[in-house]
Amino acid sequence: MDFGPYLLLALMEGTVMAAVLALTAVGLSLVFGVMRVVNVAHGEFLMLGAVLAWFVTHYVPGPPVVGFAVALVVCPLIVGGIAALSDTLILKRLNYDPEATIVATIGLSYIFQQAALSFYGPDARPVEAPFNLRIQFPWFGYSGYKIAVVLAAIVILLAIWLLMTRTRAGLIMRATQLDRDTARAFGINVDRVYAAVFALGAGLAAIAAVLIVPIQQAHYLMGHDPLLLSFIVVIIGGLGSLRGTLLAAVVIGLSDGVISVFFSPTLAKILATLLVAMVLVFRPQGLFGAKP
Amino acid sequence: MTRALALHIAVLAALFAAQYLLPPYHHTNIARIMVLAVFAMGYNIAFGYTGLLSLGHALFFAAGLYTTGLGIELWGLSAAPALALGLIAGGAIAAATGVLALRTGGVSFMIVTLMFAQAGYLTILYFGQYTRGDEGFVITRAARSIGPIDLSADTPRYLTALALFSVALLINLALTKSRLGRAMIGMRENEERSRMLGYNPFRIKLIALVISGLYAGAAGAAYSVLFGYVGASFAAIQYSILPLLYVLLGGAGTTLGPFLGALLMFYLIDISSGYTTAHLFVVGAALLVLVLFAPKGILGWVRDKGAKWLP
């Protein structure tokens with residue numbers, strides 16, 4: 001294959017990666033933006049979504065597309081429920097103290113990993129794609145499902161954007177983000193907003209997980225890389241800025257895809273982590289964040 | 001002699017006596033726990049006393065572990081200079097990390113340290129032809145001796161671990177009584193007020209982090225020689241979380257807390273693995289319970305209950 005088509009393939013892989021990453025990272029960014037909580041268990045919410053997707057598709061009878069559709073609805077709801085419960089039972093009791101919540105979410109991530117290991121096992125298992133469509137390019141064939149993943153991610157992100165900017169729920173979330181005390185004074189139930197935002201963030205990770213399992217198998221340690229990449233994206237995009245997060249997800253996803261194809265993936269990750277550290281040190285508002 | 005000094009000497013004497021009483025399995029365990037406790041003590045100097053919650057201390061531990069291990073394996077150093085290099089490596093990496101990371105604070109500091117440690121871990125994997133990556137390498141028995149003393153044998157190993165632990169503990173005790181130690185606590189309690197009193201927060205925090213890195217580097221260096229195994233898992237995030245867990249359990253900002261935490265956590269996992277394989281759950285649940293119900297840890301609680309002299 002010539003360089004041109006090879007680059008195209010790398011860019012397409014990067015786009016799929018960017019789409020899934022954007023979903024995961026927007027969840028993390030929402031939680032940090034509204035609640036000021038660094039959720040170390042975010043990767044585990046993704047993993048739980050993937051593992052649940054395996055269970056759902058495995059036990060729902062009928063053609064793969066039915067099981068997949070059920071998973072796409074049920075998994076985010078269950079994971080969101082678990083997240084809301086963790087918020088009310090644990091994070092709320094810690095008063096959202098930044099250091100304590102980090103320690104607590106680290107604890108949660110160990111517990112989730114153990115739960116997956118005990119009930120699901122140490123194996124990586126595939127989930128069948130809902131449809132098999134091969135789109136033939138002049139140089140290579142490409143999975144139609146991967147393109148569907150990108151489209152689905154765009155639709156969901158648009159929905160989130162509409163939710164945040166055009167609805168009453170979004171207004172309440174933004175008000176809480178700006179000033180939680182004033183929001184409370186205006187009669188907003190901040191505790192409920194927090195639980196909802198935490199559930200929404202985790203739910204987005206779970207949706208990303210369901211979309212990704214037909215491409216990448218479900219495994220109890222699979223949350224680690226997405227967590228790290230989401231951190232990278234959220235920080236480079238500017239902590240708490242959704243637009244910056246999206247932009248950064250596209251940049252990081254594409255460049256990771258391209259660098260991983262042409263160079264070593266480990267080297268790509270080393271460079272990305274160092275870049276994040278440097279951004280936090282020298283430009284805390286993020287590369288794309290405008291206001292300090 | 002104060003009560004505090006007497007207590008510390010009593011603990012060290014008990015550990016010295018323990019080597020004659022313990023069966024071989026626990027003998028090795030306690031040696032390992034003492035080395036890990038030195039690591040945790042270093043973590044405590046940054047987190048417990050100075051208020052720097054780092055999520056990247058595995059980097060400093062691994063710096064000591066790998067410098068000593070690779071020094072012996074690749075450059076053919078003998079154990080004593082390799083150990084010294086490991087100690088220095090821990091401090092040097094901590095200084096380099098601190099110069100950058102200490103420009104931030106709070107949550108950013110945690111993430112910056114986490115990212116540096118992750119980059120270090122990935123670098124070890126990247127240079128797999130020298131480090132053998134996740135698989136790691138074993139240091140030959142012949143290389144693990146200082147002069148005529150074979151550090152891989154049980155008794156010298158225990159005594160070396162105890163010697164390192166004693167020095168680390170007594171330095172830590174002296175530090176808490178010193179002006180520097182008090183300035184560190186000042187940073188934790190109120191950085192702005194300390195600055196107003198004429199202290200330079202950046203300088204104090206950097207010194208604290210370097211001391212912390214020296215402890216971690218010493219522990220890593222000793223670990224490689226005493227137990228003879230060097231692997232990338234020691235540089236992974238779990239080894240940044242473990243000292244945090246030990247310190248939280250034993251009591252942050254207490255000199256004996258890290259050892260107590262390491263001892264209890266080690267045996268909690270050891271004993272629970274007899275009943276269940278779910279030791280990730282044990283670690284996770286311990287973190288949650290501590291942060292929810294006992295944020296000051298065991299010795300912090302004892303200190304609150306009346307033993308105010310506990311350093």
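Is B:His27 buried or exposed? In this predicted model, in which local features need pLDDT of at least 70, side-chain atom pairs count only at pLDDT 80 or more and totals for chains, interfaces and linings use all residues, side-chain values use heavy atoms, with hydrogens and water left out. Residues are numbered from 1 along each chain as its sequence is written, while chains are lettered from A and ligands numbered from 1 in the order in which they are written.

B:His27 is buried, with a relative accessible area of 7%, where buried means under 20% relative accessible area, exposed over 50% and partly exposed in between, computed with a 1.4 Å probe on protein chains only. The residue is placed in helix α2 of chain B, helices being DSSP runs of H or I with at least four residues, and strands runs of E with at least two, numbered from the N terminus. Residues up to four places away in sequence not being counted, B:His27 touches B:Gln19, B:Leu22, B:Asp154, B:Thr155 and B:Tyr158, contact meaning heavy atoms within 4.5 Å.

Helix α7 of chain B, residues 154–177, comprises 24 residues and reaches 35 Å from its first C-alpha to its last, close to the 34 Å expected at 1.5 Å a residue; the expected span is 1.5 Å times one less than the number of residues. The buried residues of α7(B) include B:Arg157, B:Tyr158, B:Ala161, B:Leu162, B:Phe165, B:Leu169 and B:Leu173. An α-helix has 3.6 residues a turn, so residues three or four places apart point the same way. The buried residues of α7(B) pack against α1 (3–21), α2 (24–49), α8 (179–189), α10 (201–227) and α12 (257–275) of chain B.

Between the two chains, 36 residues of chain A are in contact with 38 residues of chain B. The area buried between chain A and chain B, that is, the accessible area (1.4 Å probe) that the two parts lose on being put together, summed over both, is about 3,300 Å², of which carbon and sulfur atoms give 84%. The count between chain A and chain B is 0 salt bridges, a salt bridge being a side-chain nitrogen of Lys or Arg within 4 Å of a carboxyl oxygen of Asp or Glu. On the side of chain A that touches chain B, the elements that give two or more residues are α4 (98–119), α9 (224–236) and α11 (265–282) of chain A, and α4(A) gives the most, with 13 residues.

Over all chains, a search of the whole structure finds 9 salt bridges. One of these pairs A:Asp191 with A:Lys92, the closest N and O atoms being 3.8 Å apart, and links distant parts of the chain, since A:Asp191 is in helix α8 (residues 190–212) of chain A and A:Lys92 in the loop between α3 (64–91) and α4 of chain A, 99 residues apart. Both partners are partly exposed, A:Asp191 at 31% relative accessibility and A:Lys92 with a relative accessible area of 35%.

In chain B, the side chains of B:Lys205 and B:Glu191 meet in a salt bridge at 3.1 Å, N to O. B:Lys205 lies in helix α10 and B:Glu191 in helix α9 (residues 191–196) of chain B, so the pair ties together parts that are 14 residues apart in sequence. B:Lys205 is buried, with a relative accessible area of 10%, whereas B:Glu191 counts as partly exposed at 26% relative accessibility. Salt bridges that share partners join B:Glu191, B:Glu192, B:Arg195 and B:Lys205 into one network.
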